[in-house]
Amino acid sequence: MSPRRTGSQSLVRLLGQWQQSASRTPLWRQLAQALRLLILDGRLALDTRLPGERELASALGISRTTTASALAQLREEGYLLSRHGSGSVVILPESKRVVPTRMAQPTALDLSAASLPAGPEIHQAYQHALTAMPPLLSGTGYDQQGLPALREAIARRYVARGLPTRPDEVMIVNGAVSGLALILRLLTGPGDRVVVDHPTYPLAIAAIEGASCRPVGVALPSQGWDVDGLAATIAQTSPRIAYLMPDFHNPTGRCMDAPTRENVARLAARTRTTLVVDETMVDLWMDAPPPPPLAAFDTAAPIITLGSASKSFWGGLRVGWIRAPARTIAALVQMRETLDLGSPLLEQLATRWLVENGESFLPARRQMLMAHRDDCAALLQGFFPRWQWTTPQGGLSFWVELPDALATLFATHAESTGISLGTGTRFGLQGAFDRFLRMPFSQPDEVLREAFMTLQPIWASLVSQPMMLRQRKVI
């Protein structure tokens, strides 16, 4: 398969304001750092062919020598593979020991990930799972729909939340992203459009593009959702599906209210547009629990719901589920045969115990997250008073707006100190949201304080000459 090619203008948009003229770092090294970050973030996909040196230099307005030096550095580090006459193709290094990334830093801190470590309940869940395992050992261990006991527990959970559900309307998968990929495989084909919130979850974008579909963004307003914009986009683009996160949306943390859910469900029913509703964050509410599942507002609407154990319990479980009409579940089970033969039984048994006993430990987790959220807000206000955000109603992070489009540049410099940041461009299409950062509050106060002490002088140096930054030409 021949590598895909990225155009020079697309690459310039992804790079954003990568150039810092006041820095003592050579320009070629600044470009190499910015390109490396795009590769590590996945915004420059593997096997992507870069523009030629002359073309890229012209698009960036720099010398060909500077461009050649940056690409040579990335080749030496193992991020590019070049052949004479064929250009440079994005790869990943074989050995991390020689790669200058945060992984090589003994005190590395990943602020690009919004996740929590395992609590003591995870060990308890696995103990129960091991006890429940022996009766299953006489079977083959293959079950592409998932253990009946776990599907029954998840169905009861939906019923308690206001959505009547039978066990045959539930399918266990290896995480929500795996479930989305399976749904895309069943319902879409190459070139089909998929409507998404804009911004949205980066791995959802990756899954959509990995299915050779075209994500179409509907901008989120300052508050809530733009239902009229969603309706207009569906009418204009005729998408095969729409992917939404109404429950503590990632990255904004907002929650869709009941009237909006009703309007969106009616829109799906009227247009016969399948909605894929990702409820990964549904248990991480703080101020108030969310309304019933979106599918509960119109049972005639074609709505498929995704759930996951990763945020509610622990990412290491790698267990998710799909809730859909039984006929859709049967088609998904049949389609799954081309991918895998089911999810691990031990993890399913552990997840069953966690689902059935969640209310004994989830309230404490929510209280802990609320305290982390408030601590993080105070630290952000103290260290970065010009940043703006809206307090999230749930989830694991702030969606921070910067006073200028400096997120990528800031993250590039932070990376050199061993701190990884989640730039807004990871959550947007075609390099959008370089004015934003997703800042998780899942870390303890003392960890964030130390990180912000490191980041504050970096930020101060970037904005010390704001006029120069604003006047710089951005193509």
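**Entry 1**

I am working with a predicted model, in which local features need pLDDT of at least 70 and side-chain atom pairs count only at pLDDT 80 or more, while totals for chains, interfaces and linings use all residues. I number residues from 1 along each chain as its sequence is written, and side-chain values use heavy atoms, with hydrogens and water left out.

For my own record, helices (H or I, at least four residues) and strands (E, at least two) are DSSP runs numbered from the N terminus, and contact means heavy atoms within 4.5 Å. Axes are lines fitted to C-alpha atoms, for helices over the stretch in contact, and angles run from 0 to 180 degrees between N-to-C directions.

Between β5 and β14 (residues 419-423), which run parallel, I found three bridges, and L111 stands opposite L421 in β14.

**Entry 2: two helix pairs**

I looked up α3 (residues 53-60) and α4 (residues 64-77), which pack at an angle of about 120 degrees with their axes 8 Å apart. That makes α3 oblique to α4, given that angles under 35 degrees count as roughly parallel, over 145 as roughly antiparallel, 65 to 115 as roughly perpendicular and the rest as oblique. On the α3 side the contact is made by E53, R54, L56 and A57, and on the α4 side by R64, T67, A68, L71 and R75. By class, this contact of α3 with α4 has four nonpolar, one polar and four charged residues; Ala, Val, Leu, Ile, Met, Phe, Trp, Tyr, Cys and Pro count as nonpolar, Asp, Glu, Lys and Arg as charged, and the others, Gly among them, as polar.

For α9 (residues 227-237) and α10 (residues 258-271) I recorded an angle of about 15 degrees and axes 10 Å apart, which makes α9 roughly parallel to α10. Here V227, L230, A231 and I234 in α9 meet T260, N263, V264, L267 and T271 in α10, and by class the contact has six nonpolar, three polar and no charged residues.

**Entry 3: rings and backbone**

I find 14 aromatic pairs in the structure, where rings of Phe, Tyr and Trp (its six-membered ring) pair if their centres lie within 6.5 Å, and planes under 30 degrees apart count as stacked, over 60 as edge-to-face and the rest as tilted. The ring centres of F313 and F361 are 6.0 Å apart and their planes stand at 65 degrees, so the pair is edge-to-face. F313 lies in the loop between β11 (303-308) and β12 (320-323) and F361 in the loop between α12 (345-357) and α13, so the pair ties together parts that are 48 residues apart in sequence.

Last, I checked the backbone. A cis peptide bond, with omega about 15 degrees, joins H198 and P199, and P199 lies in the loop between β7 (193-198) and α8 (202-210). Another cis peptide bond joins N250 and P251, with omega about 25 degrees.

Terms used:
Pairing = 2+ DSSP bridges.
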